[in-house]
Structure formats: C-alpha cells, structure tokens
Amino acid sequence: MEFTLDLDRQQIENIEKVLEEELIELGVISVILLDLAGNVIINLDNGNTHHDVYSLAALAAGNFGAVSAMANLIGEQEFSLLFHKGENDSIHFSKVTDDLLLLSIFGKEVSLGFLRLKVSEAVRKIESLFG
C-alpha cells in the first residue's frame, strides 16, 4: 500500500482542536487519528491513560483491514464503522477519509449513541479541513 499524508502544522492543530472540543471534552478517554498502515497521526487523551498508543494503532489498522475483507466477502464495499464493547471501556472506529481512521476509547459514562453523533460531527469538520 502506497500512502502519503501531507498535513501542515496548521491543519494538524485544527484537527487536534476539533478532536479536543468534540470528543475529549465529551468525556472520551483517548482519541487516535491513524492511517491505514497503523501510523499515529494525532493522539489526544484525557490525561489519565497509559495505553500503548502505537500498538493500539497498529492493531486497529489490522482489525479494520480484516473487517473490510469480511465486508467484501459478503458483497459490501466496506464497513465504515466498528465498535467493540468492553466491561469498562469500549472502542469505536470510524473512517475519516479513504486513508484515515479515528479510534475513540470511552468508558461507561459516555453513551454510544451520543459518541457516534459527536464522532460524525468531528469527521465532518475534519473532512472540511482537507477541502
């Protein structure tokens, strides 16, 4: 896979601001913007996490790739949204662009429905920064 992401410092700062305002302030524990190869582009958290972000990103990209292959097997182009529920924390994946994924880690105090709404808003805002 050949992939080049060309973001300038201002675009990165603007994306960080969107993620901070739309997700971290909502109560999301951690937000990682990554490419499909598993490279971390942006990593924000609430200050109380100790996740291995690089391993998470690599595994998330692999997971997304595997699920995309499953989608193709059943005749779907892709599944653009994934969700894994845990006892205490959950992970929500959302495709931002053809080359970027947004991984959100959140606890029980954040409802999935509200998170999905806020992620959709954040993705729209981020997409507008690439226009």
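I take contact to mean heavy atoms within 4.5 Å. The model I am reading is predicted, so that local features need pLDDT of at least 70 and side-chain atom pairs count only at pLDDT 80 or more, whereas totals for chains, interfaces and linings use all residues. Residues are numbered from 1 along each chain as its sequence is written, and side-chain values use heavy atoms, with hydrogens and water left out.

**Entry: Leu-23**

I looked up Leu-23 and found it in helix H1, helices being DSSP runs of H or I with at least four residues and strands being runs of E with at least two, numbered from the N terminus. Leu-23 counts as buried because its relative accessibility is 0%; buried means under 20% relative accessible area, exposed over 50% and partly exposed in between, with a 1.4 Å probe and protein chains only. Leaving aside neighbours within four places in sequence, I list Val-18, Val-28, Val-31, Leu-102, Ser-104, Leu-115, Lys-118 and Val-119 as the contacts of Leu-23. I also noted that Ile-105 is 82 residues from Leu-23 along the chain, with 9.9 Å between their C-alpha atoms.

**Entry: H1 against H3**

I then compared the axes of H1 (residues 9-24) and H3 (residues 112-130), which come within 9 Å and cross at roughly 165 degrees. That makes H1 roughly antiparallel to H3, a label given to angles over 145 degrees, where axes are lines fitted to C-alpha atoms, for helices over the stretch in contact, and angles run from 0 to 180 degrees between N-to-C directions. On the H1 side the meeting residues include Ile-15, Leu-19 and Leu-23, and on the H3 side they include Leu-115, Val-119 and Ile-126. The residues of this contact divide into 10 nonpolar, 2 polar and 4 charged, with Ala, Val, Leu, Ile, Met, Phe, Trp, Tyr, Cys and Pro taken as nonpolar, Asp, Glu, Lys and Arg as charged, and the others, Gly among them, as polar.

**Entry: the cores**

A nonpolar core is a set of buried Ala, Val, Leu, Ile, Met, Phe, Trp, Tyr and Cys residues joined through side-chain atoms within 4.5 Å. In the largest one, of 22 residues, I see that Leu-19, Leu-23 and Leu-102 touch the most other members. H1 gives the most to this core, with 6 residues. A second, separate core of 12 residues includes Phe-64, Phe-93, Leu-101 and Leu-103.

**Entry: Ala-69**

Lastly I checked Ala-69, which sits in helix H2 (residues 53-73) and counts as partly exposed because its relative accessibility is 40%.

Terms used:
Parallel < 35°, antiparallel > 145°, perpendicular 65-115°, else oblique.
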